[in-house]
Every structure is written in C-alpha cells, then in structure tokens.
Amino acid sequence: MAGFLDEEFLPASVLAKITEVRLADPECSLRTAQARKRRSTLTSDGRLNILAADHPARRVTKVGDDPVRMANRHSYLARIVRVLQSDVVDGVMATMDVLEDLLILHHLMLEAGGPGLLDDRLLIGSLNRGGLAGAIWEMDDPITGASPGACAALGLDGAKLLLRVCDEEPDSLNTMIYCARAITEMNALSLPTFLEPLPVVKDNGNYRVVKNAEALAKLAGVASALGDSSRYLWLKLPYCQDYEVVARATTLPILLLGGESVGDATPLLRQIKAGLAAGANVRGALVGRNVLFPGPEDPLVVASAAGSIIHHNLTVEDALKKQESRRGRDLNQIVTFFDRATARS
C-alpha cells in the first residue's frame, strides 16, 4: 500500500452525517456516552495503551512540513477511528468535541447493526487547553475544556491535565494551582487523573521540553504531590536516557508520551520498550502524533505494534512483524460499513 488514505477510509458522507446529528439531535452524544458499555476496571493487566488526540485544541496542528495537517478534522478523525480498530488500544484521550464526534459515530454504527466503536474502551477527557501555542499567556493554562464534574456525568473514565513548568515564567504557578484543584476534584469523584508534567525552557520564543533524567525526576516529585491525594494519579512523562532515574522518582504509574511526529514510528516503539524496562511503575504509553501520523504507514499497524509491546511484552521487531498482516486490512469493508451506517440513519 502506497500510504494510508485517511479521507477514503472514512467517507465524506460520515462527516456530513455527524454534523446533521449535531444539528438535529444535540443530546445524541450525551445519551450515547451514558449508555455505552464501560470497562469494570481501568486496566485488566496493569498496563495501558491510550491514543492522545487533543492537540488541535491548543493550536498544535503541524505535522512535518504541513502547518495545518491536524487541523483537517476529516483526516484527523479517520486516523483516530482506524487506530481504535486495534484490540490492543485501550482507548482515546481527547477534547470533548473529538470525543463527541466519536460518540456520534459510535451511535451511527450501532444503528446500522454493527459493533460499537467505543464499547469497553477508555474515554479520557482533556481538561486544560487554554495555554495556546505561541500566545503570550502560553504558560498560564487554565481548564478550558470539560470540568471534572462533566467527565463524571458523561461516564468518562478519567481526565488528563498538562502541566508545563518554566522557572522563568510566573504563569507556570497558576497552571500548577489549576492542576492541583482539578486533581482534588477528580479524587472526590473517584476518577483517575493523567497528569503530564513537563519541564520546559524558553528557546527563541518557543517552549522546549527538557528531556533529561534530572529535570524529569525533580518535576515528577512535584507532580506526585499535587492535590489532596495521589490515589488516582498517573503521570505522563517523555522518555530520556537514564530513565531509571525518572522511574525511581515516584511510585505512581507512568505512561510514556511521544512528542512531534517524525514520520517513522520505530524510534517511538524502541523508547516504549526501553521505558517499560526502566521500572516496574512504567505501565504503558499515551501517544498521539507518532501513532496518528507515522509517515505513509497505516496508523493501525503502529498502534497495534505499540500495544503488542505494552500488553504482550513483544520485542519491537516481533511486534512490527506480527502487524505486517494488518497493513491495509479491512479498509474496503470498513468503508462499506460506514456508507451503510450513514444510509440507514
């Protein structure tokens, strides 16, 4: 296959139908969220492989040389749906608009007599996206998405928070306070919080993540102590050399993040494998761009390879080899089903 044709995988008629449902039945996504089949436990084996899909809400849309690649909702949604075909992807973390698109699609698929897209999957809400990339207030990142209470009312399985700390920017303290309050609220609702604490420095007007063990270990200690309790807290941290130092900084479960898409997912898979070996509390990955946009590769292959490493302890080579047969599989059948789903509804 020359490349994954995202907008052919998810027909334009499906996007049109989602908009129609939004207009005619605004409560559809709410009802679907509350009725969907949820997991009885967060994880069955102590590990998680979750897709991150909240970047556009913070004005992060660049992939490679294309500054608006992720701004194309048709393409973005198609790739998310493709990844969710994998049985070793536990769920998706996204802003409410993306989750609602997926919930409407789940509803359409059920109406067409097919399996639901989101049954037994984790849905994680992204809470703070107000620190827009490039804005003068970027380090002041309040909760501009769903509240913890809204996540509970919708039957979501948790929430994610971003905490970037720049020692030269006093607005980082505001974000720390927002995160502490949200963690406390999530604890009161018995909902997991996935906190992404990142040490950053200002570099030519942009904020660059400091990916070294000392900086990450120090901030992990700060992040672990936020809120009234750490009982429902997970940390989302990037991989770096000497990752054992980072893992030893906390007893909280850690998920690895991915960063910008580099057009080849193999380095990410190697980082996941190495990270899992760095400490018993490294429990999987919460990755977005390198799974959704792995160059010409089928996102399903990359997501499934990551899941095979996380859930089945395969080597990178064996995980990729195992997924060779999945490359491009079922594309025609899925397109036909989507067409049928929109025709019947």
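Entry 1: I went for the largest cavity, and its volume comes out at about 70 Å³. This is a predicted model, so I keep in mind that totals for linings use all residues. How many cavities of 30 Å³ or more does the structure hold? I get 1.

Next I looked up who lines the largest cavity.

E1 gives the largest share, with 3 residues.

**Entry 2: aromatic rings.** I searched for aromatic pairs and found 3 of them in the structure. For Phe4 and Phe9, the ring centres sit 5.6 Å apart and the planes meet at 55°, so I log this pair as tilted. Phe4 and Phe9 are both buried.

I then checked Tyr239 and Tyr243, which also make a tilted aromatic pair, at 5.2 Å centre to centre with 35° between the planes. Stacked would take planes under 30 degrees apart.

Are these two tyrosines buried or exposed? Tyr239 has a relative accessible area of 24%, so I call Tyr239 partly exposed. Tyr243 has a relative accessible area of 1%, so Tyr243 goes down as buried. The line I used for buried is under 20%.

**Entry 3: cysteines.** How many disulfides does the structure have? My count comes to 0. I wanted to see why, so I looked at the distances between sulfurs, with 2.5 Å as the limit for a disulfide.

For Cys166, the closest cysteine sulfur belongs to Cys179 and lies 15 Å away, which is too far for a bond. For Cys240, the closest cysteine sulfur is the one in Cys166, and at 19 Å that is also too far for a bond.

I looked up burial for both while I was there. Cys166 has a relative accessible area of 2%, so I note Cys166 as buried. Cys240 comes in at 4% relative accessibility and counts as buried too.

Definitions and conventions: Residues are numbered from 1 along each chain as its sequence is written. This is a predicted model: local features need pLDDT of at least 70, side-chain atom pairs count only at pLDDT 80 or more; totals for chains, interfaces and linings use all residues. Side-chain values use heavy atoms; hydrogens and water are left out. Rings of Phe, Tyr and Trp (its six-membered ring) pair if their centres lie within 6.5 Å; planes under 30 degrees apart count as stacked, over 60 as edge-to-face and the rest as tilted. Buried means under 20% relative accessible area, exposed over 50%, partly exposed in between (1.4 Å probe, protein chains only). On a 1 Å grid over the protein atoms alone, a cavity is a set of points where a 1.4 Å probe fits but cannot get out, and a pocket is an open set with protein on both sides within 12 Å along at least five of seven lines; lining residues have an atom within 4 Å of a point. Grid points are joined across faces, edges and corners, and a volume is the space filled by probe spheres set on the points. Helices (H or I, at least four residues) and strands (E, at least two) are DSSP runs, numbered from the N terminus.
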